[in-house]
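Let's take a look at a protein together. Have the sequence and the 3D view ready, and we'll go from the overall fold to the inside.

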Amino acid sequence: MKSDTRTTRWLGAAFVAQFITSVAAAVLSAKVVAAGASGALPAATGNLTMVRAAGLMELLTGAGIAALTALLFAALGDLDRPRALAAGALWLAEVAMLAASGLGLYALAALGAQVAGGAATPSLAAAATLAFSLYQDAFTASMLFFCLGALLWYSLLYQSELVPHWLAGWGFVTVLPLLVSILLTLWDRGLSLGVLPGLPYAPFELVVGIWLIVTAGRSASSRSASAHDGATPARLGGALS
């Protein structure tokens, strides 16, 4: 029970940490994103520290997702091993795309530093456009892998006794409009729906993380009692819903 409690609390902490770093990355990169491909180089030149910090937050977010994936597999893998393996593979692909996205920001910052020491040249502007495209396209691809993996993870979370059904259902349902938005963006960036589809999901990781941290001991006690009484997960899941 101590091991279950510790794993659950680490899982909650990983959700919270990943939420913090991803929000920080979005805030720090906002000026570059708003400037678009044509204005990315001037925006990066005037905000070098923020762009470098955004790249670091992207890399930390990727590391957090890798840790979150391992902890989710430890907590939920026994429910359905093939589904957990597929979800883990999708989120590790997300990690790879986030690393590429972060490197795009670092490249943009490096080009901005060169411009800060002199005038921008056509070659620097072209390189900045490529770096911005790498950042933006890799991030969009990472969100596709995130959404597909999240649907699998949250369906397993719904089956588990770690959180109430309504909380796991919140994560699952609110990922769907985000997935639709990402698919439209990948098809044609002009069809992007912006941040609106992601707003219902946005607080989920923070809420579920805090829930797991606060209720870890209670959940472990419940699982121990159910094993002693012979209660089935389905009956307990119904009681939590």
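Here is a short tour of the chain, its surface and its cavity.

## The overall fold

First things first: this is a predicted model. Its protein chain has eight helices and zero strands. If you follow the chain from the N terminus, the elements read α-α-α-α-α-α-α-α.

The protein chain has 241 residues, and 44% of them count as buried.

## The cavity

How many cavities of 30 Å³ or more does the structure hold? There is one, and the largest cavity contains about 40 Å³ of space.

Which elements give two or more residues to the lining of the largest cavity? They are helix H1 (2-28), helix H3 (48-76), helix H4 (81-116) and helix H5 (122-159).

If you want to find the spot in the 3D view, look for Phe 15, Gln 18, Ile 65, Leu 68, Trp 91, Glu 94, Phe 146, Tyr 154 and Glu 205, which line the largest cavity. Sorted by class, this lining is made of six nonpolar, one polar and two charged residues. Gln 18 counts as the polar one, while Glu 94 and Glu 205 are the charged pair.

Definitions and conventions
Residues numbered from 1 in each chain as written. Predicted model: local features only at pLDDT ≥ 70, side-chain atom pairs only at ≥ 80, totals over all residues. Heavy atoms only, no water. Helix = DSSP H or I, 4+ residues; strand = E, 2+ residues; numbered from the N terminus. Buried < 20%, exposed > 50% of the residue type's maximum accessible area, 1.4 Å probe, protein only. 1 Å grid on protein atoms, 1.4 Å probe; cavity = no way out; pocket = protein on both sides within 12 Å on 5 of 7 lines; lining within 4 Å. Points joined across faces, edges and corners; volume = space filled by probe spheres on them.
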